[in-house]
Amino acid sequence: MEWFAAWTSWSWLIFAFILLIAEAIIPGIFLLWWGLAALVVAGLSSIFPLTAAWNWIIFAALAVVASIVWWRYQHRKDQQDDPHTALNQRGIAMLGQQGVIREISSNNIGRAHFGDTTWRITWQNSAYDLQIGDTVIVTAVDGITLTVEKG
């Protein structure tokens, strides 16, 4: 424990850089805010004569507060961005895509080729009179079924 009590501003600066380097090297570790808190403590301890206990209290408080504030900010941002992304939602990304009908079943259901795969398709208007080989455009997505119209 004596070693921690003897920390100077240089010790805090080295600790800060160790944390920041670890953040850059080790994937999935959350050390950025702790490293910045250690930098602040290094600055404060070089300006004000603080005891080791106060240095550690300030470091812990800054690290926890900065981490929580960042987590809340990022969580709120993720919640706002989620509904507007097509990432990992290939069906949504299919809207407006053109495909070619490969198979037609009864009740306005069939399969069409889009890109490198086939999808189950349905169409609302039976007046389209779709045939195998017709080009269709995706207008809506319901799970793994694409709603199309003649293109």
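1. Terms first. A residue is buried when its relative accessible area is under 20%, exposed when the value is over 50%, and partly exposed in between, using a 1.4 Å probe and protein chains only. Helices (H or I, at least four residues) and strands (E, at least two) are DSSP runs, numbered from the N terminus.

2. Basis of the model. This is a predicted model, where local features need pLDDT of at least 70, side-chain atom pairs count only at pLDDT 80 or more, and totals for chains, interfaces and linings use all residues. Residues are numbered from 1 along each chain as its sequence is written, and side-chain values use heavy atoms, with hydrogens and water left out.

3. Overall layout. The protein has five helices and five strands. Along the sequence the order is α-α-α-α-α-β-β-β-β-β. Of the 151 residues, 24% are buried. The accessible surface (Shrake-Rupley method, 1.4 Å probe; for residues, only the protein chains shown count as cover) is about 10,200 Å², and carbon and sulfur atoms hold 62% of that. Contact means heavy atoms within 4.5 Å. Among contacts with a separation of 6 or more, 46% join residues 24 or more positions apart.

4. Record annotation. UniProt, in an unreviewed entry, lists residues 12-33 and 53-71 under "transmembrane region". UniProt positions are given here in the numbering used for the model, feature names are shortened, and annotations may be inferred rather than shown by experiment. What does the model show over these spans? Residues 53-71 are 100% helix and 0% strand, with end C-alpha atoms 27 Å apart. Residues 12-33 are 73% helix and 0% strand, and their end C-alpha atoms are 14 Å apart.

5. A nonpolar patch. Phe17, Ile21, Ile25, Ile26 and Ile29 make a nonpolar surface patch of about 470 Å². Patches consist of residues with over 30% relative accessible area and no salt bridge; like charges are joined within 9 Å, and nonpolar side chains (Val, Leu, Ile, Met, Phe, Trp, Tyr) within 5 Å. Isoleucine 29 sits in the loop between α2 (9-25) and α3 (32-47). Isoleucine 29 has a relative accessible area of 35%, so it is partly exposed.

6. Is serine 9 buried or exposed? Serine 9 lies in helix α2 and is buried, because its relative accessible area is 19%. Beyond its neighbours within four places in sequence, serine 9 contacts Ala42, Ser45 and Ser46. Tryptophan 10 is also placed in helix α2. Tryptophan 10 is exposed, because its relative accessible area is 61%.

7. Strand β2. In a regular strand the side chains alternate between the two faces of the sheet.

8. Pairing around β2. Two strands pair if DSSP finds at least two bridges between them. β1 and β2 run antiparallel, joined by four bridges. Isoleucine 101 stands opposite alanine 112 of β2. β2 and β3 are antiparallel too, with six bridges. There, isoleucine 109 has threonine 122 in β3 as its bridge partner.

9. The turns. The β1 and β2 hairpin has four residues between the strands, and asparagine 107 there takes a positive phi near 60 degrees. Asparagine 108 lies in the loop between β1 (98-104) and β2 (109-114). Asparagine 108 has a positive phi of about 55 degrees, although it is not a glycine. Its relative accessibility is 22%, so asparagine 108 counts as partly exposed. The β2 and β3 hairpin has two residues between the strands, and glycine 115 in its turn has a positive phi of about 65 degrees.

10. One salt bridge. Side chains of opposite charge can pair when their charged atoms come close. A salt bridge here is a side-chain nitrogen of Lys or Arg within 4 Å of a carboxyl oxygen of Asp or Glu. The count is one. Aspartate 134 pairs with lysine 150, their closest N and O atoms being 3.7 Å apart. The partners are 16 residues apart: aspartate 134 in the loop between β3 (117-122) and β4 (135-142), lysine 150 in strand β5 (residues 145-150). Aspartate 134 is at 17% relative accessibility and so counts as buried. Lysine 150 is partly exposed, because its relative accessible area is 40%.
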